[in-house]
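Reader: I have the sequence and the coordinates open side by side, and I would like to be taken through this structure by question and answer. Please show it first.

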Amino acid sequence: MAAKVAVLGYGTVGSGVVKILWENNSHVSRRAGEAVEVKYVLDLRDFPGDPVEKVLVHDFDTIVNDPEISVIAEAMGGLEPAYTFAKKALEKGISFCTSNKVLVEAKGAELISIAKEHDANFFFEASVGGGIPVIRPIIQSLTADHFDEISGILNGTTNYMLTKMDKEGLDFDYVLKDAQEKGYAERNPEADIEGHDAGRKIAILASLVYEKQVDFEAIPMEGITKIGSEDFAYAKAVGCAIKLLGTARRKDGKIYTLVAPFLVPSDDPLYAVEGVYNAIKLHGDMLGNVMFYGQGAGKEATASAVVSDIVQEIRERGRHVEILWSGEKQALEDAGEYPFRYLVRLSGAVSADALGAFGDVETVTAEGISGETAFLTAAMTEAELAEAIAKSGAECIKKIRMN
Ligand code: HSE
């Protein structure tokens, strides 16, 4: 007997899933404990000459009405029809694995609960961090701790871009095009560069860590479009890299979430995460820091995480794996009230007196940049920062938080 699998969507990730299930079939089957067979691939398109033609179907009902299908892997992206398909499958007791973060962020809590009612599973390892195993470790390994922070480099495209801009002095548009050609970027690259993709991923992680729904829409998001060569020069001068971070933190019992570019000091393990690599760092009350690192985007890496879900489902067959994520909304505090240090660039010369309003500052100079005053502030809230900037009377060229 073989475990019969269907794959929805034959795009970048879906074709990667099929490739792994075919090329590594005996290995995957051994790990699953039984032979794994791709019975169907669903796509609206035809693929003349591609071996997928043998298993290609255009109608989801063929899949969901086939009693032989035990697991469906979805890599179509977008909320619909993925949500309808997931619901239909789970209501029939067919487990559903997905790389689709839009689906997971919006409907994760509901789909987990439907899966539970039907002794099935809704797995989504590939929805965050591409190929990095992070969801399963949070659910199954990190069960002893309360987590006061989960922060990560969650978008491969922007990390690839920031690394290239920093190391090679290349410009924004060029590196974006390069990342798109390499298959890292979302269909709409705004989702990457404006921080929305990282926002969805931190929403999913925070929902898992805090066990209640953290809505993506409730997370303040700043992208990387305003980061330029001068910012890298200042960052370097203070021994930092610039990284787009998604973060969720608990302080005095309140939860703060944010996506923004941050200065990351060299003693932070996130500093060394370069290129398309992602990393997710958690801080537990017992464990201390733990970090997961790996390739955050790309066909095979992401597909490898989807296949790991398929294997787990086949191993678990008929047993629901508990995932604590309720639909109740997690209360979130205004991220502006979380005190961060900032790199601030003000136009012109600024008096020592005006600088005093930013607390204990560390002034920064960078070769070739003149006509401005740059410094690192003490930890302050956004309101305190705005007040100190207004008091200085200078124009604020840039402010970037420091991790
Ligand atoms: N566009 C995403 C990224 C793909 O660059 O990380 C993986 O979710």
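Author: A residue counts as buried when its relative accessible area is under 20% and as exposed when that area is over 50%. Please keep in mind throughout that this is a predicted model.

Reader: By that cut-off, is Asn278 buried or exposed?

Author: Asn278 lies in strand S11, which covers residues 277-284. Leaving aside neighbours within four places in sequence, Asn278 is in contact with residues including Gly129, Ile153, Asn155, Val273, Phe292 and Gly296. Because its relative accessibility is 0%, and the limit is under 20%, Asn278 counts as buried.

Reader: Which strands stand at the edges of the open sheet of six strands?

Author: The strands of this open sheet follow the order S3-S2-S1-S4-S5-S6, with parallel pairing. Within that sheet, strand S1 (residues 2-8) and strand S2 (residues 35-42) run parallel and are joined by seven bridges, and Val7 has Val41 in S2 as its bridge partner. A strand at the edge has a single partner strand, so one side of it is left without a neighbour in the sheet, and this applies to S3 (56-57) and S6 (122-123).

Reader: What kind of aromatic pair do Phe60 and Phe85 form?

Author: A search of the whole structure finds 11 aromatic pairs. Phe60 in helix H3 and Phe85 in helix H4 are 25 residues apart, and their pair links distant parts of the chain; Phe60 is buried with a relative accessible area of 4%, and Phe85 is buried with 14%. The ring centres lie 4.0 Å apart with 10° between the planes, and because planes under 30 degrees apart count as stacked, the pair is stacked.

Reader: How many residues apart in sequence are the parts that Tyr256 and Tyr338 tie together?

Author: These two rings form an edge-to-face pair, 5.2 Å centre to centre with 70° between the planes, and both Tyr256 and Tyr338 are buried. Tyr256 lies in strand S10, whereas Tyr338 lies in the loop between strands S13 and S14, so the parts tied together are separated in sequence by 82 residues.

Reader: Which element gives the largest share of the lining of the largest pocket?

Author: The largest pocket has a volume of about 1100 Å³, and of its 45 lining residues the closest to the centre are Ala75, Met76, Gly77, Glu186 and Arg187. By class, the lining divides into 15 nonpolar, 20 polar and 10 charged residues. Among the elements that give two or more residues to it are H1, H5 and H12, but the largest share, three residues, comes from H10.

Key
Residues numbered from 1 in each chain as written. Predicted model: local features only at pLDDT ≥ 70, side-chain atom pairs only at ≥ 80, totals over all residues. Heavy atoms only, no water. 1 Å grid on protein atoms, 1.4 Å probe; cavity = no way out; pocket = protein on both sides within 12 Å on 5 of 7 lines; lining within 4 Å. Points joined across faces, edges and corners; volume = space filled by probe spheres on them. Helix = DSSP H or I, 4+ residues; strand = E, 2+ residues; numbered from the N terminus. Nonpolar A, V, L, I, M, F, W, Y, C, P; charged D, E, K, R; others polar. Buried < 20%, exposed > 50% of the residue type's maximum accessible area, 1.4 Å probe, protein only. Contact = heavy atoms within 4.5 Å. Pairing = 2+ DSSP bridges. Phe/Tyr/Trp six-rings, centres within 6.5 Å; stacked < 30°, edge-to-face > 60°.
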